[in-house]
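Welcome! Take a moment to look over the sequence and the model, and then follow along through a few of its features.

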Amino acid sequence: MESFGRFRAVEEALEAFQQFSEFARTKFKAHPDWLEWIKSREISDPGHFRGPGRLNIDWMESLSRYPSTLQGRIEALKQLKQREILRIGFFDFSLVWNLEKVLKNLSLVADFCLEILLKLAKEGHPPFCSFPFAIMSMGKLGGNELNYSSDIDLVFIHNGSDDHHDNANRLGKKIVQLFSFAHGGFYRIDLRLRPEGHSGILVPSLKYCENYYFSLGESWERMALIKARRSAGDSALAYEFEILRSLFSFPKHLTEEMFEEVIEIKSRIEKEVLAEDSRKRNIKLGEGGIREIEFIVQAFQVVYGARFPILQGRSTLETLDCLYECGLIPGKEVEELKRAYVFFRQLENRLQMVADLQTHLIPDNEKAKEAIASSLGLELEQFETLIESHRATVRRLFSSLFPLSNEKKEFIFNLEIFSDPQKAKRDLQSLEGGHSFRTIKSLRRLLPLLEEKLKNMVDPNLCLSRFVQFTDKYGLKSMLFESLASSPKALELLLRLFDSSSFFTEILLFQPELFEDVCRSDGLYTKKTVDDFYSELALIDKDHKIRFRIYRKGELFRIFLRDILGLANLLEIEEEYTALAEAILKRAVQLCHAHSNAIIGMGRLGGKELGYGSDLDCLFIGNNLSGALELNRFFSEMSPVGILYNFDFRLRPHGEGPIVLDEKVYEDYYRTQALFWEIQALHRARFVCGDEQKAQKFIRFVDELWLDWSNHIPWQEFFALRERIQKERDSHVPPIYRFKTSPGGLLDIELGLQIWLMLRKIREPSLWKGFLWLEKEDPQASHAAQKGYLFLRKVESVLRRERNSPVSVLPVEGQSQEKLAKLLGFKSAKDFMEYYSQVLESNLKLFERLTSQKLP
């Protein structure tokens, strides 16, 4: 008689199998033909392979014995599954097959059933066939390591367009429904490993999966996705998911802090999942059990998989061998882990084989325990000794690889750097509260760096509060914390932004993605021209009012970052801001059909010196009033994302009336009615866009008018106007705080230089180029003028960028003065005010020098 595994013959093995397994007894009693089937020479041959083709033939043949309904076909599939499980269990129990062959065959049957169910779900529903759909198995099925009574972890995915989303979810629901038709005895499916778990989309698209995993994916999901494998459906889609799996589960830049997360996850399982009395009996989740072996393997795969592609496999036993080959775990320890894994998985199969129940608990009952031991060819004492020995070995190795006690001292934030420590403490608690382990770990790495950078900020309290707001708006906190922890310069830039401007902070809170977009690009190192801006604006083909505003805010934000990083000086910042405004004007003139008018830049627009909060001083020359009004609405109409710019038309004749006038009206007014200050304002006139012919004609007139007035400057009127401005403007604050109109303020430098140029019949719209004319004649005066003027413009710039609005006076309140002083690089407000007073005094002397030759 030919032996059969550990038995003398097939019949003896079958008898013992039925005595051991209640499930086998019940099924053979209900289906005597199954017993005869297993006894048959072909089926009882352990070398006989039953792949998908053979299984499909058997299923088709069995359909005649069931109702020709969907329910009947599923019942036939369920019975086929149960018969195959009995055959596999019989070979397992008899020790004819080793563990790996048993698990692979159990997985093969599950894959076959999934293919059939997907086919049945699609039948009669053409829309279900119009897009790629795949069933990805995870967990033990994904690793071809399925148990007898294990849940099967699945993820449904599709690769259709948005139009296919609803049908993809309907197909997923249909598959779930078909599983429920089996009424027990079939597979239980678990879909919680899909992106976002229970709350996630039932059938996410491949793109959705990619976005989720690489932005929100946790470390446990990296480990889970290692096992991901196609079980049914579209092979090409599954291959794309396989690429995603490789990139996500085996990242190139992952630190060994991952091992700390493994400890945390395992500790949570032991505390939350296992009852105290079952920890020793649970061979899967308990101390030294199957899960610890799997955690060891998967953690090493995640950390080292990119470096050693051989580690990217799904089989636990095969990967253990690879860990030895890569020199990551010694050979002796690998063999100990393999022996423990094989023993526990065989034991797990025996426990589930008894009654086809999902259990991992060793029975309390001595008789039941003896039966389990005997099925493994062991005496009870030997069986219990082996369990304890393997448990101790696995726990020892797990603890040596992942130390269970963390000796690192927790970082304590130094609250002394804050003016309001209690407010800072609340902000830090808000930053740390309610996050996943991965996010908390990333934050712990970031906190020391955050403290270091906050020390150097002018207002650490404000920066921290804004940082908390930003992280709440950003959403993907773990990714943000990891990114900033790895990039101290990016963190410093972010905090300096919060320290420098409420306006730009609000932009960032409204569009958090701007920060990453700008930092990733080369934009911070690029000074854009009018043509550059215009080309980008030309790509906007619809919703111009809104999208131009969004574009402008993004560019303002980029230029602002160039400013606070010191990547561009004040002159370059002004030129770039002006170029942005000009490009928007040029494009908008076309969109509003206002191109028959000529737009003349005045003030700082004319001098290419626009800065934070600047209005656009303009003259509109022409007869197209409707186009001019439409252009004005296009720029200044309030929308959910604000305005573009405000036009300032106060330099037009009389400062009122129509916003666009014919050139003859301008000529008549300037020749017969204009005051000297209006003529002096024409010093800045420059063609910006629109009808160039009209513009050049107007500019020629301005040049002639300018030369004419330069011969008879009304000095008394000039000084009287200066005196009136100094007296009346910003009269609510003492003169010393009026950095624009105070004696020696910005206005004195501007008026003094313009008069100096006018005396020499030089009309130069750019003040900075005007300094170069002065330098040719009086280098000392030019140097002093540039130094004093640049300082006051920097003061103005720092004040204006806070709200991106015009400011012409210093803060009077002490705390605000201190902040301004520090933002400008001074140690204290006292030091700043002393230097500021010296600048005003020097500028006043310079004004007197520039105008002295014609004093009345």
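Let's begin with helix α27, where 16 of the 22 residues are buried, so the helix is largely enclosed by the rest of the structure. Please keep in mind as you read that this is a predicted model.

Helix α27 covers residues 570-591. From its first C-alpha to its last it reaches 32 Å, close to the 32 Å expected at 1.5 Å a residue. Asn-569 caps the N-terminal end of α27, with a side-chain oxygen 3.1 Å from the backbone nitrogen of Leu-571. After the helix comes His-593, which has a positive phi, near 55°.

## Two antiparallel strand pairs

Next, find strand β4, made of residues 229-233. Of its 5 residues, 4 are buried, so β4 is largely enclosed by the rest of the structure. Its partner here is strand β1 (residues 133-137); the two run antiparallel and are joined by 4 bridges.

Now move along to strand β9, residues 686-690. This strand is mostly covered, with 4 of its 5 residues buried. Strand β5 (residues 598-601) pairs with β9 in the antiparallel sense, over 4 bridges. Which residue of β9 is the bridge partner of Gly-601? That is Arg-686.

Phe-214, Tyr-239, Ile-243 and Leu-247 make a nonpolar patch of about 420 Å². The largest share of this patch, 3 residues, comes from helix α11, which spans residues 235-249.

Finally, visit Val-812, in the loop between α36 (779-803) and α37 (814-823). Val-812 has 45% relative accessibility and therefore counts as partly exposed, since that class lies between the 20% limit for buried and the 50% limit for exposed.

Pro-734 and Val-812 are 78 residues apart along the chain, and their C-alpha atoms are separated by 9.1 Å.

Definitions and conventions:
Residues are numbered from 1 along each chain as its sequence is written. This is a predicted model: local features need pLDDT of at least 70, side-chain atom pairs count only at pLDDT 80 or more; totals for chains, interfaces and linings use all residues. Side-chain values use heavy atoms; hydrogens and water are left out. Patches are made of residues with over 30% relative accessible area and no salt bridge: like charges are joined within 9 Å, nonpolar side chains (Val, Leu, Ile, Met, Phe, Trp, Tyr) within 5 Å. Accessible areas come from the Shrake-Rupley method with a 1.4 Å probe; for residues, only the protein chains shown count as cover. A salt bridge is a side-chain nitrogen of Lys or Arg within 4 Å of a carboxyl oxygen of Asp or Glu. Buried means under 20% relative accessible area, exposed over 50%, partly exposed in between (1.4 Å probe, protein chains only). Two strands pair if DSSP finds at least two bridges between them. The expected span of a helix is 1.5 Å times one less than its number of residues. A polar contact is a pair of N or O atoms within 3.5 Å; within protein, one must be able to donate a hydrogen and the other to accept it, and residues adjacent in sequence count only if both atoms are side-chain atoms.
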